[in-house]
Amino acid sequence: HNGFEKIHNNNNKLIAKKEEKLYIQEVANARFIPINGLENTCKDFYFTHENLYIYDGNFLYTYQLTPN
């Protein structure tokens, strides 16, 4: 798992957590790339459809992932 602590699969996308940062991988792509623009430290996350929920230890934040 390349040192990732958690990986979640949904809608042909993989989201992975490593050292409190999140990475995304399209299933057709072989490598994970960092998700830029997240202002919060990630203690835990959940991914469903196009919504990404990030828990920073105090609050739960919701982000909508959109295709490039």
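**Notebook: burial, strands and ring pairs**

I began with burial and noted that 34% of the 68 residues of the protein chain count as buried, where buried means under 20% relative accessible area, exposed over 50% and partly exposed in between, with a 1.4 Å probe and protein chains only. I am working on a predicted model, in which local features need pLDDT of at least 70 and side-chain atom pairs count only at pLDDT 80 or more, while totals for chains, interfaces and linings use all residues. I number residues from 1 along each chain as its sequence is written, and side-chain values use heavy atoms, with hydrogens and water left out.

**Overall layout**

I looked up the secondary structure next and found 0 helices and 7 strands in the protein chain, taking helices (H or I, at least four residues) and strands (E, at least two) as DSSP runs numbered from the N terminus. The order from the N terminus reads β-β-β-β-β-β-β.

For the overall extent, I noted that the C-alpha trace spans about 35 × 25 × 20 Å along its principal axes. The radius of gyration of the protein chain is 11 Å, which agrees with the value near 11 Å that a compact globule of 68 residues would have; the radius is taken over C-alpha atoms, and the globule rule is 2.2 Å times the number of residues to the power 0.38.

I then turned to contacts, meaning heavy atoms within 4.5 Å. Among those between residues at least 6 apart in sequence, 23% join residues at least 24 apart.

On charge, I recorded that the mean positions of the 7 positive and 8 negative charges lie 5 Å apart. Here Lys and Arg count as positive and Asp and Glu as negative, with His and the chain ends not counted, and each charge is placed at NZ of Lys, CZ of Arg, CG of Asp or CD of Glu.

**Strand β3**

I looked up Y23 in strand β3, residues 21-26, and it counts as buried because its relative accessibility is 19%. Leaving aside neighbours within four places in sequence, I found Y23 in contact with F4, L14, I15, A16, K18, F32, I33, P34 and I35. I also noted that Y23 and C42, 19 residues apart in sequence, are 11 Å apart in space from C-alpha to C-alpha.

Q25 is in strand β3 as well, and at a relative accessible area of 9% Q25 is buried. Not counting residues up to four places away in sequence, Q25 touches N12, K13, L14, A30, R31 and F32.

I checked the loop between β2 (13-18) and β3, where E19 lies, and found a positive phi of about 50° at E19 although it is not a glycine. E19 counts as exposed at 64% relative accessibility. E20 is found in the loop between β2 and β3 too, with a positive phi near 65° in a residue other than glycine, and E20 is partly exposed with a relative accessible area of 32%.

**Aromatic rings**

Rings of Phe, Tyr and Trp (its six-membered ring) pair if their centres lie within 6.5 Å, and planes under 30 degrees apart count as stacked, over 60 as edge-to-face and the rest as tilted. By this rule I count 3 aromatic pairs. The rings of F59 and Y61 are edge-to-face because their centres are 6.4 Å apart and their planes stand at 65°. Of these two residues, F59 counts as exposed at 51% relative accessibility, whereas Y61 counts as partly exposed at 27%. My last entry returns to Y23, which ring pairs link with F4 and F32 into a cluster.
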